[in-house]
Amino acid sequence: MTPGAAQEGAQGNGEEIVDRQSLDALRAKQACHDLVMRFVLCNDRRDPQGLAALFADNGVLVRPNGETLVGRAAIAAAYAARPADRLTKHLVGNVLIDVTSATSAIGSSAVLLWSASAQDTPGPFGRPAQGRQVMGEFEDTFVRTVHGWRIARREARFTFVREA
């Protein structure tokens with residue numbers, strides 16, 4: 001059977017053939033999506049080393065206040081310096097990843113940030129959230145490295161705030 005006949009026969013049976021390029025693009029999208037979600041997981045679990053490891057060696061993180069962190073060491077140090085009693089929960093959605101080549105991708109996502117203090121005693125529904133609620137967004141550039149996909153650049157910004 002010729003390759004064309006095999007493809008034609010499979011499609012005729014209601015099956016779809018996924019070519020290698022499409023499969024690689026799906027894998028890249030999933031890997032980049034995982035980076036977006038792991039970033040907030042590491043952030044909320046206070047794991048600055050794990051968070052920094054999501055970036056390329058020379059990765060850049062632009063924080064909402066405009067501070068630019070370059071390299072894993074600077075990113076880890078900034079997140080390790082956060083106040084010890086500050087608890088956060090980032091809810092991320094609207095994640096969209098576009099693969100632009102075999103080694104690069106871009107993405108965007110929306111984030112809702114809630115904060116609390118570890119000094120507050122948890123009740124039956126958890127700790128009281130601090131009054132400020134912040135909506136923001138991430139704009140990401142991803143790169144495929146020898147260690148897999150990593151964040152090359154992340155720009156974080158706030159778009160809305162609700163004060164208590």
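A charge sits over a ring if NZ of Lys or CZ of Arg is within 6 Å of the ring centre and within 35 degrees of the ring normal. The model in these views is predicted.

**Figure 1. R154 lies over the face of F39 and its charged end sits over the ring of F138.** For F39, R154 is at 4.3 Å from the ring centre. For F138, the charged end of R154 is 3.8 Å from the ring centre. Both values fall under the cut-off of 6 Å. The side chain of R154 also makes a polar contact, with the side chain of D140. F39 and F138 belong to one cluster, which ring pairs build together with F55 and Y79.

**Figure 2. D140 is a buried residue in strand β5.** The strand runs over residues 133-145. How accessible is D140, as a relative area? The value is 4%, so D140 is buried, given that buried means under 20%. The side chain of D140 reaches the side chain of R154 in a polar contact of 2.6 Å. What else does D140 touch, beyond four places away in sequence? Its contacts include V36. A105, I106 and G107 are also among them. I151, R153 and R154 complete the list.

**Figure 3. F39 and F55 form an edge-to-face pair.** The structure holds three aromatic pairs. In the pair of F39 and F55, the centres are 6.2 Å apart and the planes make 70 degrees. F39 lies in helix α2 (residues 20-44) and F55 in strand β1 (residues 55-62), so this pair ties together parts 16 residues apart in sequence. Are F39 and F55 buried or exposed? Both F39 and F55 are buried.

**Figure 4. F39 also pairs with Y79.** The ring centres of F39 and Y79 are 6.1 Å apart. Their planes stand at 85 degrees, so the pair is edge-to-face; the cut-off for that class is over 60. Distant parts of the chain are linked here: F39 is in helix α2, Y79 is in helix α4 (residues 72-80), and 40 residues separate them. Y79 is buried, as is F39. Which residues do ring pairs link into a cluster? They are F39, F55, Y79 and F138.

**Figure 5. Strand β6 pairs with β5 and with β1.** Strand β6 spans residues 148-162. With β5, the sense is antiparallel. How many bridges join β5 and β6? There are 13 bridges. A hairpin of two residues carries the chain from β5 to β6. F138 stands opposite A156 in β6. With β1, the sense is parallel, over four bridges. Here V62 has E155, in β6, as its bridge partner.

**Figure 6. R72 makes a polar contact with D57.** The contact joins the two side chains at 3.2 Å. R72 is located in helix α4. Its relative accessibility is 27%, so R72 counts as partly exposed; the class lies between 20% and 50%. Beyond four places away in sequence, R72 touches A52, A53, F55, A56, D57 and R150. F55 in this list is also the ring partner of F39. A116 makes a contrast: R72 and A116 are 44 residues apart in sequence and 27 Å apart in space, C-alpha to C-alpha.

**Figure 7. A77 is a partly exposed residue of helix α4.** A77 has 47% relative accessibility, which gives this class. How far apart are A77 and P48 in sequence and in space? The separation is 29 residues in sequence. C-alpha to C-alpha, it is 7.3 Å.

Figure 8. The structure holds zero disulfides. A disulfide needs two cysteine sulfur atoms within 2.5 Å. C42 is likewise in no disulfide, with the sulfur of C32 as its nearest cysteine sulfur. C32 has 0% relative accessibility, so C32 counts as buried. C42 counts as buried too, because its relative accessibility is 12%.

Definitions and conventions. Residues are numbered from 1 along each chain as its sequence is written. This is a predicted model: local features need pLDDT of at least 70, side-chain atom pairs count only at pLDDT 80 or more; totals for chains, interfaces and linings use all residues. Side-chain values use heavy atoms; hydrogens and water are left out. Buried means under 20% relative accessible area, exposed over 50%, partly exposed in between (1.4 Å probe, protein chains only). A polar contact is a pair of N or O atoms within 3.5 Å; within protein, one must be able to donate a hydrogen and the other to accept it, and residues adjacent in sequence count only if both atoms are side-chain atoms. Contact means heavy atoms within 4.5 Å. Rings of Phe, Tyr and Trp (its six-membered ring) pair if their centres lie within 6.5 Å; planes under 30 degrees apart count as stacked, over 60 as edge-to-face and the rest as tilted. Two strands pair if DSSP finds at least two bridges between them.
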